[in-house]
Amino acid sequence: MTAFVQRLLQQMQSRFQTMSDSIVSKIDEMGNRVDELEKSIDELRAEMGVEGSPSPLAPSKVMTEEGSA
């Protein structure tokens, strides 16, 4: 019985290690894709000549309590 449990635990450990390696590999792949996407966006921005312009997501001026900018 002990040998059976040990084999079962070894199989589970092996499967978990395989899954863990697969997850880490996918995360690395996604990181590389994000890096490539950022590079492509930077290249497009440079081509368009908007390298120094603010991001479209930059916060706009906040209104004060009196309603002036």
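User: Where is V5 found in this model?

Analyst: V5 sits in helix α1. Keep in mind that this is a predicted model.

User: And how do I read its exposure: is V5 buried, partly exposed or exposed?

Analyst: The general idea is that buried means under 20% relative accessible area and exposed means over 50%, with partly exposed in between. V5 has a relative accessible area of 36%, so it counts as partly exposed.

User: Which residues make the nonpolar surface patch?

Analyst: A handy idea for helices: an α-helix has 3.6 residues a turn, so residues three or four places apart point the same way. In this structure, M1, F4, V5, L8, L9, M12, F16 and M19 make a nonpolar surface patch of about 850 Å².

User: Okay, what about charge? Which residues gather in a patch of negative charge?

Analyst: Asp and Glu count as negative. Here the surface patch brings together D35, E36, E38, D42, E43 and E47. Take E36: its place is also in α1, which covers residues 2–48. E36 counts as exposed because its relative accessibility is 54%.

User: How many residues does α1 have, and how far does it reach?

Analyst: You compare the end-to-end reach with what 1.5 Å a residue would give. α1 has 47 residues and spans 69 Å from its first C-alpha to its last, close to the expected 69 Å. Next comes G49, with a positive phi near 75°.

User: What does the chain look like overall: how many helices and strands are there, and what share of residues count as buried?

Analyst: The chain has 1 helix and 0 strands. Of its 69 residues, 0% count as buried. The chain exposes about 6,800 Å², and carbon and sulfur atoms supply 59% of that area.

Definitions and conventions: Residues are numbered from 1 along each chain as its sequence is written. This is a predicted model: local features need pLDDT of at least 70, side-chain atom pairs count only at pLDDT 80 or more; totals for chains, interfaces and linings use all residues. Side-chain values use heavy atoms; hydrogens and water are left out. Patches are made of residues with over 30% relative accessible area and no salt bridge: like charges are joined within 9 Å, nonpolar side chains (Val, Leu, Ile, Met, Phe, Trp, Tyr) within 5 Å. Accessible areas come from the Shrake-Rupley method with a 1.4 Å probe; for residues, only the protein chains shown count as cover. A salt bridge is a side-chain nitrogen of Lys or Arg within 4 Å of a carboxyl oxygen of Asp or Glu. The place of a charge is taken as NZ of Lys, CZ of Arg, CG of Asp or CD of Glu. Helices (H or I, at least four residues) and strands (E, at least two) are DSSP runs, numbered from the N terminus. Buried means under 20% relative accessible area, exposed over 50%, partly exposed in between (1.4 Å probe, protein chains only). The expected span of a helix is 1.5 Å times one less than its number of residues.
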